[in-house]
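Here are my notes on this structure, written as numbered points for a first reading. Please keep the sequence and the model open beside them.

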Amino acid sequence: MSSAKLLVDGGGTATRAALWCAGQISPPVQLAGRSCNPRSVGRACALDNLNDLVRIVWQDRPRNIESMDS
């Protein structure tokens, strides 16, 4: 079993997240989701969007990944 790093990059209209494993050339999971910028969508909505994006990334991870850091 291994761990991975959660990388999140956001702007005003969309937020991207990737799960990155050491030694890999590309992340096994990459997703784009709704904005997590509180200035664009409000604090509560931004938190909900981030929570949803992280949950989906975690659900889509390879079976050998048992933990993630951010």
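**Notes on the model**

1. Of the 70 residues of the protein, 23% count as buried, where buried means under 20% relative accessible area, exposed over 50% and partly exposed in between, with a 1.4 Å probe and protein chains only. This is a predicted model, in which local features need pLDDT of at least 70, side-chain atom pairs count only at pLDDT 80 or more, and totals for chains, interfaces and linings use all residues. Residues are numbered from 1 along each chain as its sequence is written, and side-chain values use heavy atoms, with hydrogens and water left out.

2. On confidence, the mean pLDDT of the protein is 89, and 97% of its residues reach 70 or more; pLDDT is the predictor's confidence in each residue, from 0 to 100. Confidence is lowest in strand β4 (residues 65-69), with a mean of 86, and highest in α2, at 94.

3. The protein has two helices and four strands, which follow the pattern β-β-β-α-α-β along the sequence. Helices (H or I, at least four residues) and strands (E, at least two) are DSSP runs, numbered from the N terminus. Taken along the principal axes, the C-alpha atoms fill a box of roughly 40 × 20 × 15 Å.

4. The largest nonpolar core is made up of nine residues, namely Ala4, Leu6, Ala17, Leu19, Cys21, Val29, Leu53, Val57 and Ile65. A nonpolar core is a set of buried Ala, Val, Leu, Ile, Met, Phe, Trp, Tyr and Cys residues joined through side-chain atoms within 4.5 Å. At least two residues of this core come from each of β1 (2-10), β2 (14-20) and α2 (43-59).

5. Which residues of α2 are buried? They are Ala46, Asn49, Leu53 and Val57, and seen down the axis of α2 they fall within an arc of 70°, so they line one face of the helix; the arc is that of the directions from the helix axis to the C-beta atoms. The face turned away from this buried side carries the exposed residues Ala44, Asn51 and Gln59. What covers the buried residues of α2 includes β1, β2, β3 (29-34) and α1 (38-41).

6. Leaving aside neighbours within four places in sequence, Val57 is in contact with Leu6, Ala17, Leu19, Val29 and Leu31.

7. On the cysteines, the structure holds zero disulfides, a disulfide being a pair of cysteine sulfur atoms within 2.5 Å. Cys45 is in no disulfide, and the nearest cysteine sulfur, that of Cys36, is 8.6 Å away. Is Cys45 buried, exposed or partly exposed? Cys45 is partly exposed, because its relative accessible area is 34%, whereas Cys21 counts as buried at 8% relative accessibility.

How values were computed
Contact means heavy atoms within 4.5 Å.
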